[in-house]
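Visitor: I have not seen this one before. Can you take me through how some of its helices pack?

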Amino acid sequence: MIQAVHTRVEGRARFKIEGLFGSETLKRALEQRLARETEIYSASANPLTGNLLVTFNSDNDHHTIRFLLEEILVEIRDDGSPQAAASEGESEPAARRAPVRRLPVETLKRFLSPEADGATPLDKPWHTLEAPVAASILRTDATAGLTDGEAAERLKAYGPNLLPKPEPRSQAELFFQQLNSLPVMLLGAAAGISLLTGGLLDAAVIGGVVLANACIGYFTESGAEKSMEALRELVHPTAEVIREGRSLHLAVEEVTVGDLLVLKPGVYVAADSRILAADRLSIDESMLTGESLPVHKEAKRLAHENTPLADRANMAYMGTLVTGGQGLAVVVAVGRHTQVGMLQTMLLQTQTPKTPIELQLARLGNQLVAACVAICGVVFGIGWLRGYGFLRLLQTSISLAASAVPEGLPMAATINFAMGITDLRRHGVLVRRLQAVETLGAVQTICLDKTGTITENRMTVTEILSGRTRLTVVNDRLDCLPGGRDPLSVGEIRHLLIICALCNEVKIAADKESGAFELFGSSTETALVRVAAAAGIDIVGLQEDFRFVGLRLRSENRLYMSSLHSCPSEDCRYIFTKGSPHDVLDLCDREMVQGRVKALTEERRQEIHIENDRMAGRGLRVLGFAFNRFTMEQAIDESAPMVWVGLAGMEDPIRPGVAELIAAFQRAGIETVMITGDQSTTAYAVARQLNLGGEKPLKILDSAELSSLDAERLQALAKNVHVYSRVSPAHKLRIVQALQSAGRVVAMTGDGINDGPALKAANLGIAMGESGTDVAREVADIIIDGDRLEQLIQALRGGRTIYGNIRKSVRFFLSTNLTEIMVMFACMALGLGFPLSVMQLLWINIISDIFPGLALSREEPEPDLMAQPPRPSDAPLFSRGDFRAMALDSAVISGGALAAYLYGIGRYGQGPRAGGLAFQTLVFGQLLHAYSCRSEHRSVFSAKRPPRNPYLDLAVGGSLALQVLTMALPGLRGFLGAVPPGLTDLAVIGACALGPLVVNETRKLAHTPHPVEETS
């Protein structure tokens, strides 16, 4: 419309104005309007050259003046000037045009000044602009989009459309973070005090313990970080944009400012955008605004600059999900300048949050440090009162505190998570978020999306009922009619197959030479196109005859889709519709029978409903088909009654092993719920095959009932419903939220674009890795590789195993470390001296603590693991009863060591020989206790022992061998201040070390009921 001709002189510019040439009316209108602008000093329009010379305030630039001129020209057009309108080729009456409100010059300057290019979206209120003005400011053709050259330049200027990523931690930072915990700090303090008091050897040993812990934590976390970084690269989202008038699918990072985004259901918005056109467009913005319901979008401008983000109905933001309708938007910000980009930048300035278990363990570790310091202080006080030397008491108390603190506690969760994620990945289960590992063990309800999850998402048409003709379809081939007639010779069948071929979003890649073609689209729509082609319809030729005009997609309140086509050969236009038989039939007042259109009677409606129920009752997915015809002279009326042509039934086979999987879930105390867009009768047939209700009667809730329920009533009903039928994406979201409100931990499976909001809202989103869409995989917490649903039970078993192994490791750390304090405290209180030397305490800390505890992280699932109910989501890692049980285990082990010590005192008196017996007994007793920690309810003496753990055997066996060397090697004996035991002493050590294991395991047998065995 306007082209800058000369702009080199500051405050002066010449523009070529389209339509000015030969138009005195436009000349006068321009000069009159510009004379009222305070920023314009003078304006002279020349209709002989079509140029306009403007002098203006030099605080502005020619970009601002150019857009000011464009807005003035729009005003002149809207005022109805015949010449101006003619100059733009307009024929629409002015009264029918929406007036465009002109922006103040200061606002224009905010958008156009060079320094604004790097501004954030909040600095540029795009929602206050008219849609055409926004596109004009961005120098984007609102129809054709950018050229390839412009896009390349902008991509270079603005950079790739990527969110800022966290800088990976350096290796040094990763190592030194292992030292940043209260237990490790206490060990460091102990080493420092030992060094100051002359205990060089003590300090060296403590330092070695600290270094060993740091190395273990470093290598474990380093591997976990690499695994998580690899998982972030699993999903590569794309965006559909229009460039040079062509629709392109690009990687999201290639989208740039000014691109035209095509918005469709299931599409993630690739960048912050100003909506230019919207047709029933709705977007889920919960990830940004917290609003759970999708937001209706429109293109009209908003008046107030400070409109809250959630109320900006003409904006679409990066990362939000299109849930319905369709639209077109122009990109206004990319990457770090988007709303979610700014949030990501803020998040990068904060530390990554720990999982709930990691927080519990950190809190528990700090509490233990405080308790250990307090108890060691009491030991010091008792020893001081009994007259022991200050220096010796100080060294002993410090060493006791150092050995009593469980150094492995901070890394227990990290190691379990890392190893668990690696194991799950080997089984084809990809964990994308660390928190998901915890949630796996607490899942109480699994919502299974039927199509593509329970079924194979491999639709095939098996039956067609058109008019009064029923056809069976086998391998996409239709039966011939009686007499060998071609089914296409029957008008209603031909119309139904034409609708199958045209009313869809299937992309066809055809080879003109061979006639072969490949279909790209949903399984349902490709199945319909295949059967039409197999019946003899030339799909490519049909598309040329029935030229596509527009498409109205299925939405939440409109369970059918319609396409508009122009047919020049018949001088008419068609609306073709397919969808829910009930809803499509309600649109019709006529039907086609034997090629003739006749009135649709109430009796025939009932017959069609009965046939639909009969087909759905056999587990078929049934669609209804209808059309309407308009002459070229007639206006298209979407609400006009249609002509019914028939039903098509499709089968999607249930995946092998799903019924057994449902039974396994039920044995594990996990409720299973099926969610489907199919009719109630179809859903009931599938649910019955799967025995979804278990021993209870099947309860089905249809979308018609679901829509009428308020949140409280749905929450009450959700506890007992097994199947939800004819649901929309919004319904799926409501179902998940209702179950969560009822106190359930919900896992949602899915593979389609319509599953995105529910996957995101669920406690655990599970997507199919092969057939799943990018949308489903992007929001999911877990991805099932290869679409083998039976891997889901592996994932749940893995989650429970990881949680259980964390408990086993921590249980071992706490119960064994407590024994040293108990032994030392009891001897000091009874006046029996120091049973353990400083070096012996540190040796115990190295040999019997870390490696057996970590080996418990490699425990296999217990045989009855999946026969137990899921743990409550809010349950603490350990209850008071658990702590009492651990204290009792510690007391029994301590009792064995004290018995050996008392025997030594009785035989040898107080001194190294008696202390050596206590030392050996305590180490052997702690190592044997690792086997007791393998199961909380299965005794090592029971016939059904846990599966063998070679890692634990290696850790305990190696530690036992080292401990034996303390009795055999003179140098090591001298280092530890030990004395070689005699045969009787060895017998006492063995009895006092083995006795606690027998007592604790016998107590376990006596107080724990026999668990139910897992049968699969």
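Guide: This is a predicted model. Helix 22 and helix 29 come within 10 Å of each other, axis to axis, and cross at roughly 20°. Angles under 35 degrees count as roughly parallel, so helix 22 and helix 29 are roughly parallel to each other.

Visitor: Where do helix 22 and helix 29 sit in the numbering?

Guide: Helix 22 covers residues 658–667, and helix 29 covers residues 791–829.

Visitor: Is the crossing of helix 22 and helix 29 left-handed or right-handed?

Guide: Left-handed.

Visitor: Which residues make the contact?

Guide: Leu661, Ala664 and Phe665 come from helix 22, and Leu792, Ile793 and Leu796 come from helix 29. That contact has 6 nonpolar residues, with no polar and no charged ones.

Visitor: Switching topic. What about helix 32 and helix 33, at what angle do they cross?

Guide: Roughly 155°, with the axes coming within 8 Å. An angle over 145 counts as roughly antiparallel, so helix 32 is roughly antiparallel to helix 33.

Visitor: Which residues are they?

Guide: Helix 32 is residues 880–908 and helix 33 is residues 912–932.

Visitor: And the hand of that crossing, left or right?

Guide: Helix 32 passes helix 33 in a right-handed crossing.

Visitor: What meets what there?

Guide: On the helix 32 side the residues include Asp889, Ile893, Gly896, Tyr901 and Tyr908. On the helix 33 side, Arg913, Leu917, Thr921, Gly925 and His929 are among them.

Visitor: How many nonpolar, polar and charged residues are in that contact?

Guide: The contact of helix 32 with helix 33 has 11 nonpolar, 7 polar and 2 charged residues.

Note on methods
Residues are numbered from 1 along each chain as its sequence is written. This is a predicted model: local features need pLDDT of at least 70, side-chain atom pairs count only at pLDDT 80 or more; totals for chains, interfaces and linings use all residues. Side-chain values use heavy atoms; hydrogens and water are left out. Axes are lines fitted to C-alpha atoms, for helices over the stretch in contact, and angles run from 0 to 180 degrees between N-to-C directions. Helices (H or I, at least four residues) and strands (E, at least two) are DSSP runs, numbered from the N terminus. Angles under 35 degrees count as roughly parallel, over 145 as roughly antiparallel, 65 to 115 as roughly perpendicular and the rest as oblique. A crossing is left-handed if the near helix is turned anticlockwise from the far one by less than a right angle, and right-handed if clockwise. Contact means heavy atoms within 4.5 Å. Ala, Val, Leu, Ile, Met, Phe, Trp, Tyr, Cys and Pro count as nonpolar, Asp, Glu, Lys and Arg as charged, and the others, Gly among them, as polar.
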